[in-house]
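Open the model in your viewer and keep the sequence panel beside it.

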Amino acid sequence: MHNLSSSNLIKPELRMVAWELTRACNLRCAHCRASSDKEVDSDVLPLKSCMDIVNQIIEVSKPVVILTGGEPLLSDNMYDIARYSTGKGLRVVLGTNGTLITPKVAADLKKTGVSAVGISIDYPDAESQDAFRGVKGAFERAVSGIGHSLAAGISVQVNTTVTRLNFEHLEELLRLALDVGASAFHPFLLVPTGRGEDLKSVELSAEEYERVLNWVYDKQVEHSDRIFIKPTDAPHYMRIVAQRKQQGQEAIAKSVHARSMSRGCLAGVSFCFISHTGIVQGCGYLTFPAGDLKKQVFKEIWQQSPLFNDLRDISKLKGKCGSCEYKRVCGGCRARAYEATGDYLEAEPYCFYWPSVCQAAF
């Protein structure tokens, strides 16, 4: 760890690990960060190595483990890893497109101890969803997957990747999530990596991001007793929460802030990503490697990775992020900075806000 002032350092506390079990997928989604296709991976980690990784994670903490892909239900090891992880006391959830969840699959997931599934729906109608996901019937099967999961006693989170193509449908998508009985609705603000690079032309502008984040805040307040609404890949939401508090909405802000965790960008602070080949990253979108589990143990990577220690030191942030009074609670999206500039410490390129110190300079 760098020997710097503690005021600049964020103490790491591992709370979530997203684990990409495979890059194989039965869909071909336009935004896929992994550029997944139907081919089965030949270089995935063997089951024994996966079991060892679970044990290594527990040496650090007992985070929520998000099994993802590709489509994790196409992984030969998914059920064994889920069962082993829950047996070790970890909470396991599944990030899936939902189209493969039949009543039997839902029952099998429940038996392994999977407690929740995140199912992706990006449009409120079948025609648009199927076109975006690249397969006819994707919408109908995803909605069916939600129903089968709930019937098996597994809670459901609806995930939506937001672009200019669909952000005007957010109200309808929230209504869909409410109608199907989801416990959470998470708009994912597009990070254009993998196949998602082809969507750069329809990525939201900084002003549009701001509108969406304020909409999320308002809807969380409106529906706080029915569903949890939180943006993902949008660290500047924490600035929105702080600003609402400053505007006299303190009680509301405290409630939303508590459920939104404590910081915007969680990469290397309370979250990390493991690829299907064992590469550890800050998140699935920040492709800069922190370490390799084929050569290192998880604890070593989590505690000693130069990337993670950089991300925990807010004095290293550059540009307007480095000058921002909200940098401790926000941090800016390090993945977007890396994609835009090649430097993961540069300023978040899709933040509308200008820090007060920068405003004073004009």
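## Charges over rings

Begin by selecting Lys-320 and Trp-354: Lys-320 lies over the face of Trp-354, at 4.6 Å from the ring centre. Bear in mind throughout that this is a predicted model. Next, select Arg-312 and Trp-302. Here Arg-312 is placed over the face of Trp-302, 4.6 Å from the ring centre.

## The sheet

Switch to a cartoon view and find the open sheet of 10 strands, whose pairing is mixed. Read across, the strand order is E7-E6-E5-E4-E3-E2-E1-E8-E9-E10. The edges are strand E7 (228–229) and strand E10 (289–292), each of which pairs on one side only.

Now colour residues 16–20, strand E1, and residues 64–68, strand E2. These two strands run parallel and are joined by 5 bridges.

Then select residues 206–222. This is helix H7, which packs on the sheet and touches strand E6 (184–189) and E7. The direction of H7 makes about 170 degrees with that of E6.

## Aromatic pairs

Show the aromatic side chains; the model has 6 aromatic pairs. Select Tyr-209 and Tyr-350 to see one of them: the ring centres are 5.7 Å apart and the planes stand at 50 degrees, so the pair is tilted. Tyr-209 belongs to helix H7, while Tyr-350 sits in the loop between helix H13 (334–341) and helix H14 (356–360), so the pair ties together parts that are 141 residues apart in sequence.

Is Tyr-209 buried or exposed? With 1% relative accessibility, Tyr-209 counts as buried.

Move on to Tyr-326 and Tyr-353. Their rings form an edge-to-face pair, 5.6 Å centre to centre with 70 degrees between the planes. Tyr-326 is in the loop between helix H12 (319–323) and H13, and Tyr-353 is in the loop between H13 and H14, so look for the two residues 27 positions apart. Both Tyr-326 and Tyr-353 are buried.

For the last stop, select Phe-288, Tyr-338 and Tyr-344. These three residues form one aromatic cluster.

Conventions: Residues numbered from 1 in each chain as written. Predicted model: local features only at pLDDT ≥ 70, side-chain atom pairs only at ≥ 80, totals over all residues. Heavy atoms only, no water. Pairing = 2+ DSSP bridges. Helix = DSSP H or I, 4+ residues; strand = E, 2+ residues; numbered from the N terminus. Contact = heavy atoms within 4.5 Å. Axes fitted to C-alpha atoms, helices over the stretch in contact; angles between N-to-C directions. Phe/Tyr/Trp six-rings, centres within 6.5 Å; stacked < 30°, edge-to-face > 60°. Buried < 20%, exposed > 50% of the residue type's maximum accessible area, 1.4 Å probe, protein only. Lys NZ or Arg CZ within 6 Å of the ring centre and 35° of its normal.
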